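I went from the whole chain down to single residues.

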Amino acid sequence: MHKVTPKKALGQHFLNDETVAEKIVQSITSTHPDILEIGPGMGVLTQFLLQQKDKNFKVVEIDNESVIYLQKKYPSLQIISGDFLKLNLSEYYNNNLTVIGNFPYNISSQILFKVLENKDRVTELVGMFQKEVAERIASKPGKKMYGILSVLLQAYYDIEYLFTVEEHLFTPPPQVKSGVIRMVRNLDKKLHCDETLFKTVVKTAFNQRRKTLRNSLKSFSFTEKYKDNPIFALRPEQLSVAEFEEICLNCLG
């Protein structure tokens, strides 16, 4: 069967190591039936996902050449032909959805923000990203990699960096290593402050990450009691999710 040509515009790098592919699939911990694979390409993950019994498994693929290839190779496969970023997940799933994929590097952050928008529907994500992005997502406070994505995602998900994948295991090989992470929705995790304010404070703080919070958040007003809190002498990468919540709870706008 004619192979799919990887397209640079779509950020396609096809994993060609089946051992790694099976390991990624085996990293799913959810027992719920709904699984959606993003960007299956030539189906290296798909073949192992199809082996799982009693699953409502679908793929979403934007590349028409891949769609045709997958239809021929896996006639029973449920394929959503389109862009995951434009997909209305509520049309297909209620909740407890697992998302999996070897995500294109050029839209990986957008995929994560889409998952975040659907955080009460997407209860698990297992995915491969550029190694630096994967490390940033899983990074803890105090690390240089810790940033906006780390805080916003860790507010709702328990995140684990699983393993690294070398460049030569892809066609074409990317110029950087890849990293696989698992995100599991912790339903006990909920913000105790306004969600919109939380996002604004986190983004504002990290957009000037070299400054202390006293300087980066000077456009915000705080309660009289809180203005002199030692937390404002810190930089954003030093704060936990709970500490960002505390700031928001004492913010007047």
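What share of the contacts in the protein chain with a separation of 6 or more comes from residues 24 or more positions apart? I found that such residues account for 67% of them. I note here that I am working with a predicted model.

**Whole chain**

I counted nine helices and nine strands in the protein chain. The C-alpha trace spans about 70 × 40 × 25 Å along its principal axes. Of the 253 residues, 49% count as buried.

**The sheet**

I traced an open sheet of seven strands, with the order S4-S3-S2-S5-S6-S9-S7 and mixed pairing. Strand S4 (78-81) and strand S7 (157-165) are the edge strands, since each pairs on one side only. From one strand to the next the twist averages 20 degrees.

I took one pair for a closer look. Strand S2 (residues 34-38) runs parallel to its partner, strand S5 (residues 97-102), and the two share four bridges. In this pair, glutamate 37 stands opposite isoleucine 100 in S5.

Next I checked which helices lie on the sheet. Helix H3 (residues 64-73) packs on it and touches strand S3 (56-61) and S4, with a direction at about 170 degrees to that of S4. Helix H4 (residues 108-117) lies across S2, strand S6 (122-130), S7 and strand S9 (178-185). The angle of H4 to S6 is about 175 degrees.

At what angle do the axes of H7 and H9 cross? I read roughly 110 degrees for helix H7 (residues 195-207) and helix H9 (residues 241-249), whose axes come within 10 Å. Angles of 65 to 115 degrees count as roughly perpendicular, so H7 is roughly perpendicular to H9. On the H7 side I listed Leu197, Phe198, Val201, Val202, Ala205 and Phe206; they meet Val241, Phe244, Glu245, Ile247 and Cys248 in H9. By class, this contact has ten nonpolar residues, no polar ones and one charged residue.

**Single residues**

Serine 216 is in helix H8 (residues 213-216). Is serine 216 buried or exposed? Its relative accessible area is 3%, so I put it down as buried. Beyond its neighbours within four places in sequence, serine 216 is in contact with Thr204, Ala205, Gln208 and Lys211.

I found arginine 121 in the loop between H4 and S6. Buried means under 20% relative accessible area, and arginine 121, at 19%, is therefore buried. Leaving aside neighbours within four places, its contacts include Leu89, Tyr93 and Asn96. Arginine 121 and asparagine 96 are 25 residues apart in sequence, but their C-alpha atoms are 5.6 Å apart in space.

Asparagine 96 itself lies in the loop between S4 and S5. Asparagine 96 counts as partly exposed at 22% relative accessibility. Its phi is positive, about 60 degrees, although it is not a glycine.

I noted a positive phi of about 60 degrees for aspartate 54 too, which is not a glycine either. Aspartate 54 lies in the loop between helix H2 (46-49) and S3. With a relative accessible area of 75%, aspartate 54 is exposed.

My last entry is a peptide bond. From threonine 171 to proline 172 the bond is cis, with omega near -15 degrees. Proline 172 lies in the loop between strand S8 (170-171) and S9.

Note on methods:
Residues are numbered from 1 along each chain as its sequence is written. This is a predicted model: local features need pLDDT of at least 70, side-chain atom pairs count only at pLDDT 80 or more; totals for chains, interfaces and linings use all residues. Side-chain values use heavy atoms; hydrogens and water are left out. Axes are lines fitted to C-alpha atoms, for helices over the stretch in contact, and angles run from 0 to 180 degrees between N-to-C directions. Angles under 35 degrees count as roughly parallel, over 145 as roughly antiparallel, 65 to 115 as roughly perpendicular and the rest as oblique. Contact means heavy atoms within 4.5 Å. Ala, Val, Leu, Ile, Met, Phe, Trp, Tyr, Cys and Pro count as nonpolar, Asp, Glu, Lys and Arg as charged, and the others, Gly among them, as polar. Two strands pair if DSSP finds at least two bridges between them. Buried means under 20% relative accessible area, exposed over 50%, partly exposed in between (1.4 Å probe, protein chains only).
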